Amino acid sequence: MRMKASEELITSGHLACQGCGGTMVMRHALRALGDNTVVVIPACCWTIIAGQFPYSSLRVPILHTAFETAGAAASGVRAALDIQGKEDTNVLAFAGDGGTFDIGLQSLSGAAERNEDIIYICYDNEAYMNTGIQRSSATPEMAWTTTTPSTRPKSGPKKNMIQILAAHKAPYCATANVAWPEDLTNKVKKAMTIRGTKFIHVLSPCPPGWKISSEYSIEVARLATHCNVFPIYEVYDGERYHINIQPKNIPVTEYLKAQGRFRHLTDEEIEHIQKRVDYEWKILLQREMTDSYHMNMPA
Amino acid sequence: MKKVLMGNHAASWAVKLADVKMIAAYPITPQTQIVEELSEMCGSGELKAKFLKVESEHSAMASCIAASSAGVRAFTATSANGLALMHELLHWASGARLPLVMVNVNRAMAPGWNIWADQSDSLSQRDTGWLQLYVEDNQEVLDTVLQAYYIAEKVNLPVMVCYDAFFLSHTYEAVDIPEKQAVQDWLPPHARENILNTKDPRAFNGLVMPDVYMEMRYKLQQAHEEAVAVVKEAGESFAKAFDRSYSTIETVYCDDAETVLVTSSSTTSPARLVVEALREKGMKIGLMKVRLFRPFPVDDICQVLSGKKKVVVIDRNISFGKGGIFADEIRGAIANDPQAPIIFGYITGLGGRDITPELVEDIVMEAEKNERPERLALWKGLKS
Amino acid sequence: MSDHKPIVYKNCEDVPAVVMSEASMLWNKTGAWRYIKPKYCDKVPPCNQGCPAGNDVENFVRLAEEKKYKEAWLSIKEENPFPRVCGRVCYYPCETACNRGQFDRAVSINALERFIGDYVSTDTKIERLQNDSGKKVAVVGSGPAGLTTAYHLARLGHGVHVYEADEKPGGVLRYGIPEYRLPKKVLDEEIQDIINLGVTIDCNKKVGETIQWEALLDFDAVFVATGAHKSRNVGIENEEAQGVMPGLGFLKKVAQGKKVHLGPRTVVVGGGNTAIDAARTAMRLGSQVTIHYYRSRNEIPAFKEEVDEAQKEGVHFDMLSEPVRVLVDGDKATGIEMRRTRLGDPDESGRRRPVSVEGSEYSVDATTIIIAIGEDTDLEYLPSEIQEERGRVIVDAFGATSRPGVFAGGDMAIANHNVAYAIGSGKAAAIAIDAYLKGSHVSDIVAQTTIGEYGAMSMSHYIEAGRAHAKNRYTKSVVSYNDINLNYFEEQERSKQTKLELSERHQNFKEVHQGLSEDQIQNDAQRCFHCGVCTMCDTCYIYCPDIAIEHKGDAAWGYDINFDYCKGCGICVHECPRNAMMMEDE
């Protein structure tokens, strides 16, 4: 879908770094959502990207809100719109991984459990990038950040947010990747047709935080999926899994070697990550195979 | 229509009369019955509002802020730890200039766990930019919640209505419930500019650089200063409509008093009895109830207290390391008055301990006896 | 809302009480962050570089993909008057060069060209590009080189008179390439397009016999392209015997419809295309055919596909054998004595040299012996002022000879004896002659008209040389396989041409290759990488984080980069699937 810059709901002049993935996520999401949308942004890179007072880089209303409140604030906007008869207005909560995986998990859980009619997009750059690359629970295992130095990199695997949302029986959960913009906009469009809480987890490369040159932003994001590090799939009603992009099963080392944040890894550590990735991928395949399509909930 | 209502239900009735459109709630004793009643009202359809059963007070305030930003009247209620959890967002509500109303049923802070009356919870939120009103009885609860919306929407600031746990919250009193139509005639419908509007898309609460942040804070302070008059005006117009009058403070026998007893909330009721009794005994004593704590009605208070010999302040709260907070505020307000009285600040009734007329009289007589207070924070009622 | 100017609050009163936006961020020209910037620049696809005729291959494939077959045909015709001929007889160096070949298999460019030509040509006219210049050019020889020169010169507005020694135009296309590879009807139709441009083709006129060289000098310029059609002799005993004939002579007689009696057994000596053509033609005339070649199958110079087809059709191959003498009965050949060879060290061409194995002689019965070991030029009619070397006229890259105003091309001037090179040399000469006639010098335009490193010329670049947008074109930078962003492509099967059943290839000259269907064409056109050429695939546009790339408009081609906001992240260039962009310093 081609649009003129003046028709896009995000304007140039925003304050994102060169090659910012999170900015692309917003752009693709709004291309699908259209202008009848209210965006709720907790503390995250987008607090800055949206521009300082008295400006905005979006042509839809934004409610900037506290770090941990995306789920609750989106719920509040939803309630206020509904009571005013504006059920057709989309409410988009747009949060980073810190605001989703960590500090905002509670209010997101609350919103998902109440099945609020919102679309929640987490643009995941895998650390607190806005504050200067501190680890979050979305930071991948063994990655360097400014709080997980390469002498003591991040221990333990990345939190699986989709599983958490699926456990809430959210009607629609999906992962996406900025390298596949059409898949992302299609998922947002699909989310718009489903009532309840829709959660879309989008891998969003951060050139300064991942220690990559800005032009590699998309390439590295794409590798994440083709190496099975970040599979692209949907979960309907918390149960039915569907993988959307068939990965090329490239060795994970290709992905890791492309980024400065993994530069310190030894061959043994890469092997360990490969095993974990293989294991997780197998589990995902099993989930897809054993989905409960035919086991409808009793009405 | 008169009904016998507990204080909490008086608050619920006010919310219904104010035609609030969005209520977010999380349970905490002693506030819970407010939202239980509202939940019933929404369930039965007598109140057409969204009722959001959030997972924390923090989210309650976050969603109220959001709903208010989207242009509807919102309400929540809490107490003690719940209010403390909201702390960050209280700044958001005032900084965003939102006309929210919240009831805080004053309860002691843990630990140890204590669910009984104590004002330290709301007074800890003194600097968050909210207006705070402390009320004495159940009728005032209902009337003040209504006035709170009136005031909030005139000054674009959030208002907290505070009353004591159990002494009001769970105590039944006869409450005159105004007619819905009368309330609608008095309280203008909620209509604000500067809301989330897809037809005029704006970004709210974004990044503010040092070059204008201070000016915006100045405007917030200005709004507080102007709110004193608005509170009075609200009380006056409310009196015209409903025949019950309210202001920033209330005084009894203060004109010729040499000693003025200062109270707030339910402590005022035993104090009234004591002051009546002492007047009958010929003591030149008056009573000042402070209803509006933020903005602090400095002029009104100084006008009453200037030239008095002694002022005795009873605080059911404490700012540790200093003392009673009302006493401290009054000292600060009157410090530059050349006719400033001697101020005795008493701390008592913490954590729900009864403040009986005998205790109040004890305090007054002790202050009467001493020329000056022995120390800044005088404690009364401690086990001997 | 003033979008492009920052808002200034003059005093405290001015500052709003609410943190609410009043304008967009468009005032913030983030282009100032940039130190390196992207640029659209089309580069040379390897197919274009690989095409000796200078076809804009990528362009016609793209047009075909869009089902704009007429435009695709016109695109080829801009460069080459013979899409239908080339789509049949070219050995497609474009496909050898095709980057897709390293990914899965090359795009079926040759079959695409044939499809486009066959689909369109009969009802569409080629227009002249320029009005009559008043200049007259003589072209000697109506083979692919001569006709190409005539065609382009006529389009450029010049009067052209072609002299042809034979009774019909076409040269090797008519008399060398058999009907089953190139039907005469196809050739006639494409020659008719040239005649329709006003070109006169004067047949049965041989320079030095029916017309004198000096007469040609009355023209403003002369182009000679009389090919190489003097068959070489082996130089063995009894080579002049009855029943021994040269390959090209044999093919020409068949093409002319003359009766040729071969007898039951034909021996063909040689391994070039003429040998294979002769063998397959003899086979169709009902003779059993054996090809004798003095190296092995690996060294055979004929197109591999032709060799394979010959074998399938029943032609026998006797490799590593060389002729010793023709066996005769009186003056009639009855067979040939052959001798085994073995492969020695490589020669200068890199192929292993055959070495005779003494004492390995053997006899082969034959009713006809066709000698097809190569052809030489005949330069005798040229005046001495036109310099020659090793039987070829010495020319520069544009065909200019040592005599001003005289140009030469085709097999008589260039080393590569095949149709595509001949067409390329004809076009180069047309450009040079046009420049010569206008008094300009080709050295001024060589950079813009040469595509890639191998010397192919682009007529469209020549025509557009003066236009401003043409100056941004990169005519030298060729896109390699590593320049392609393979993430954007999936493996996809190449379309396969159907061929005439083997059982139907006897006693007739029906065309063997049947071409591709439209569906197959679409499949293959979609496989094209479009190396180095923007297809408006939107990859740059969609990935731009700064919304700084925009379409030029509904009707226009390409994108604009808004350098007010482009931060120079480089994603557009890095992601471009086909390397049609580049970064350059500010």
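A residue is taken as buried if 20 or more other C-beta atoms lie within 10 Å of its own. By this criterion, in the predicted model examined here, Lys198(A), Ile200(A) and Val202(A) point one way from strand 7 of chain A and are buried. Phe199(A), His201(A) and Leu203(A) point the other way from strand 7 of chain A, and these residues are buried as well. Six of the six residues of this strand, which spans residues 198-203 of chain A, are therefore buried, so that strand 7 is largely enclosed by the rest of the structure.

Strand 7 of chain A has pairing partners in strand 5 and strand 6 of chain A. With strand 5 (residues 119-124) of chain A, the pairing is parallel and runs over six bridges; within this pair, Ile119(A) is found opposite Lys198(A). With strand 6 (residues 172-177) of chain A, strand 7 likewise pairs in the parallel sense over six bridges, and Leu203(A) in strand 7 is the bridge partner of Asn177(A).

In chain C, an open sheet is formed by five strands in the order 5-4-3-6-20, with parallel pairing. From one strand to the next, the twist averages 20 degrees. The pairing of strand 6 (residues 221-224) of chain C with strand 20 of chain C is parallel and comprises three bridges. Here, Val222(C) lies opposite Val406(C) of strand 20.

Helix 3 (residues 69-79) of chain C has eight of its 11 residues buried and is therefore largely enclosed by the rest of the structure. The buried residues of helix 3 are Tyr69(C), Ala72(C), Trp73(C), Ser75(C), Ile76(C), Lys77(C), Glu78(C) and Glu79(C). Their cover includes helix 2 (57-65), helix 4 (83-89) and helix 6 (109-120) of chain C, together with helix 14 (419-438) and helix 16 (459-464) of chain C.

Chain C also contacts chain B. Eight residues from chain C and 14 residues from chain B take part in this contact. On the side of chain C that touches chain B, seven residues are nonpolar and one is polar, while no charged residues are present.

How values were computed: Residues are numbered from 1 along each chain as its sequence is written. Chains are lettered from A and ligands numbered from 1 in the order in which they are written. This is a predicted model: local features need pLDDT of at least 70, side-chain atom pairs count only at pLDDT 80 or more; totals for chains, interfaces and linings use all residues. Two residues are in contact if their C-beta atoms, placed from the backbone, lie within 7 Å. Ala, Val, Leu, Ile, Met, Phe, Trp, Tyr, Cys and Pro count as nonpolar, Asp, Glu, Lys and Arg as charged, and the others, Gly among them, as polar. Two strands pair if DSSP finds at least two bridges between them. Helices (H or I, at least four residues) and strands (E, at least two) are DSSP runs, numbered from the N terminus. Axes are lines fitted to C-alpha atoms, for helices over the stretch in contact, and angles run from 0 to 180 degrees between N-to-C directions. A residue is buried if 20 or more other C-beta atoms lie within 10 Å of its own, exposed if 12 or fewer, and partly exposed in between; C-beta atoms are placed from the backbone.
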